[in-house]
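Here are my notes on the model you sent. Please read them with the structure open.

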Amino acid sequence: MAGSAEYTGVDFYDMDGLLSEEERAVRDTVRAWVDEHLMPVIGECYIEGKFPKQLIPGMAELGLFGANLPEEYGCAGLNNVAYGLIMQELERGDSGIRSFASVQGALVMYPIFSFGSDQQKKHWLPRLASGQEIGCFGLTEPDFGSNPSGMITTARETADGWLLNGVKMWITNGSQATVAIIWAKTGDVNDASSIRGFIVPASTPGYTGKDQKGKLSLRASDTSEIHLADVRLPKDAILPKSAGIKSPLMCLTQARYGIAWGGVGAAMACYDEARRYALNRIMFGKPIGQTQIQQERLADMLTEITKAQLLALQLGRLKDQGKATPARVSLAKRNNVSMACDIAREARRLLGANGILIEYHSMRHLANLESVYTYEGTHDMHSLILGQEITGLAAY
Amino acid sequence: MKIAVCLRRTPDTTAKIVIAAGGTSIDETGVKFVPNPYDEYAIEAAIALKEKAGAGETVVVALGADSVQETLRTALAMGIDRAVHLQGNASADGLENARALADHVRGGGYDLVLFGKLAVDDYGQQTGAMVAELLELPCATAITMLEIADGRATVEREVEGGVEQATCALPAVFTCDKGLNNPRLPSLKGIMAARKKPFDIAPVTVAAGAVTVASLVLPPERAAGRIVGEGAAAVPALMQLLVSDAKVI
């Protein structure tokens, strides 16, 4: 039954009053879906290190993939605040599931929508929206993480198309993707302006994706290495409007925007768990929530969540007005994910020994958030982006 | 097949209820409202029947203040085709509300009129059966199975120790129980489409009727439990208390 779930979110400053009826309805429907379908399986998926593939059709049916892209491509046509609320609710469940939706929407559908030909859009977007095709985004390389301009993957024009060679790493969805957006240099390896995007079906000979093993974070998400060994593509595999490092960075800005909301969701989940536990756990004859030390923890959490919610919302309103600059997105990603890491850690500590068990969620969020802190521009890189915004001087 | 679903707006079952000043209504400040959970079975049944038939129309009808419009749009977002808001203040007397709903449904050419078996706020359980009587239509309450074939409905209801099956000709009125189906969530596209669907507002005047709410009182706080001991050693004391204090054995 929709709406009867126990988790009711965190809304201390009447955020709901700042949302439209549709925005609230979108939030509620995703929240109910997470309660019904994700929460019952996430613990087991995390322990077993597997992505819950069986949930993909349901996610597609709800319209979670590329939800802020237009209806003519089979998407929901939502505004950016509603899109952000989807990311918040998915990450309330698990950062890995939110990552899956972020990649499919912001890093695969968005570049096809923004840099693709009409034919590419018509072919790929409805298939990605419906979950018939699963996408991944190949930008990062083993030696080029924070510095993607330095990539050494190449795309060489041939008589009848393109020849791609290189290695991509830390690729979410990489091993289950049926199609990859691969970024490669069409010119000299020192020429970042020659970076272009390519649509690469995973079935293309020479393309292999294999899982990276031994992860202690994002265990319910696939993270993979992609090898491109003489991958031959037709001429129309290139995203015609992609031009230079700016193109993949525009995709990352979209994804980072969603992550700023996702951090709020993970923090809300941890706070909610900590608050309930503090009321129920009796020690020294009274609930631990009646001790000053836990009250301070909870007060800090509520304060930081409330600030982060308002930050995300205003960023969303700016994005709908076309004013969410990359630096503004950096500020929100940096603040909200760091905030979520802190809250997850404090929540885990409040939960005492129970906090290390998979039955509780805070430690899973804590472990996940260490990846979220590091990916899509590390926290430190966002410091430098903001530093450059403030001073006009690049420190990287 | 034309199907009407009569919908109520009720507080979310997890909402913390506060009684408003005056003591005869609840304070709606900060309370989240949802479609009455049993009405969701009726909505799902209507949508599924139309999907199966491949044709027809589903209409959701609600009586109440303007706040009910958001609830109606939730039904549209789930997939109902059209909404009607009977704009007026509902009475505490179920019969008067039933009259207003029956007046609207009568002459609408409906093959089926569906309700939830009860609304989770007042547990009245009256309106569906009363509407059936006012329309002089067959009625089955609390159905857990519904099949339509050749202009007849077959329904099942859970009865003590078993299941009762009944059939009747259409048109008919049914109230829906848990178990009938698994209501879908509104999809994101459905939410966006809801705004564009036909939405009629018809002012109605509902008579006060014979029932008034004298007062609303929250249930008393549950007393704290008592731990009489641990393990097997506690069993005799527990048994004695179950007999002497709780008087359940």
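Where is Glu376(A) found? In chain A, this residue lies in the loop between helix H9 (362-374) and helix H10 (379-391). Helices are DSSP runs of H or I with at least four residues, strands are runs of E with at least two, and both are numbered from the N terminus.

This is a predicted model: local features need pLDDT of at least 70, side-chain atom pairs count only at pLDDT 80 or more, and totals for chains, interfaces and linings use all residues. Residues are numbered from 1 along each chain as its sequence is written, while chains are lettered from A and ligands numbered from 1 in the order in which they are written.

1. **Confidence.** The pLDDT is the predictor's confidence in each residue, from 0 to 100. Chain A has a mean pLDDT of 96, with 99% of its residues at 70 or more. Residues 1-5 of chain A are below 50, and this stretch has 18 contacts in the model beyond near neighbours in sequence. Two residues are in contact if their C-beta atoms, placed from the backbone, lie within 7 Å. Where pLDDT is low, the predicted coordinates should not be read in detail.

2. **Positive phi in chain A.** Glu376(A) is not a glycine, yet its phi is positive, about 55°. The residue comes just after H9(A). Glu376(A) counts as buried, with 25 C-beta neighbours inside 10 Å. Buried means 20 or more other C-beta atoms within 10 Å of the residue's own, exposed means 12 or fewer, and partly exposed is in between; C-beta atoms are placed from the backbone. Asp14(A) is also not a glycine and has a positive phi of about 50°. Asp14(A) sits in the segment before H1 of chain A. Asp14(A) is exposed, with 9 other C-beta atoms within 10 Å.

3. **Helix H9(A).** H9(A) has 13 residues and reaches 18 Å from its first C-alpha to its last, close to the 18 Å expected at 1.5 Å a residue. The expected span is 1.5 Å times one less than the number of residues. Of the 13 residues, 10 are buried, so H9(A) is largely enclosed by the rest of the structure. Among the buried ones are Arg364(A), His365(A), Asn368(A) and Tyr373(A). Their cover includes H1, H4, helix H6 (246-280), helix H8 (326-350) and H10 of chain A.

4. **Helix H3(A).** The 14 residues of helix H3 (residues 80-93) of chain A should span 20 Å, and the end C-alpha atoms are 20 Å apart, which agrees. H3(A) is mostly covered, with 14 of its 14 residues buried.

5. **Domains of chain A.** The assignment gives domain 1 (15-129), domain 2 (135-237) and domain 3 (246-391). Such bounds come from an automatic or database domain assignment. The centres of domain 1 and domain 2 of chain A, taken over C-alpha atoms, are 23 Å apart. Their contact takes 23 residues from domain 1 and 14 residues from domain 2. On the domain 1 side, helix H1 (21-48), helix H4 (95-115) and helix H5 (118-129) of chain A each give two or more residues. H4(A) gives the most, with 12 residues. By class, that side has 15 nonpolar, six polar and two charged residues. Ala, Val, Leu, Ile, Met, Phe, Trp, Tyr, Cys and Pro count as nonpolar, Asp, Glu, Lys and Arg as charged, and the others, Gly among them, as polar.

6. **Chain B.** Chain B has six helices and 11 strands. Buried residues make up 38% of its 249 residues. A cis peptide bond joins Leu170(B) and Pro171(B), with omega about 0°. Pro171(B) is in the loop between strand S9 (162-169) and strand S10 (172-176) of chain B.

7. **Chain B against chain A.** In this interface, 18 residues of chain B are in contact with 20 residues of chain A. Helix H1 (37-53), helix H2 (68-78) and helix H5 (188-194) of chain B each supply at least two residues of the chain B side. That side has nine nonpolar, four polar and five charged residues.
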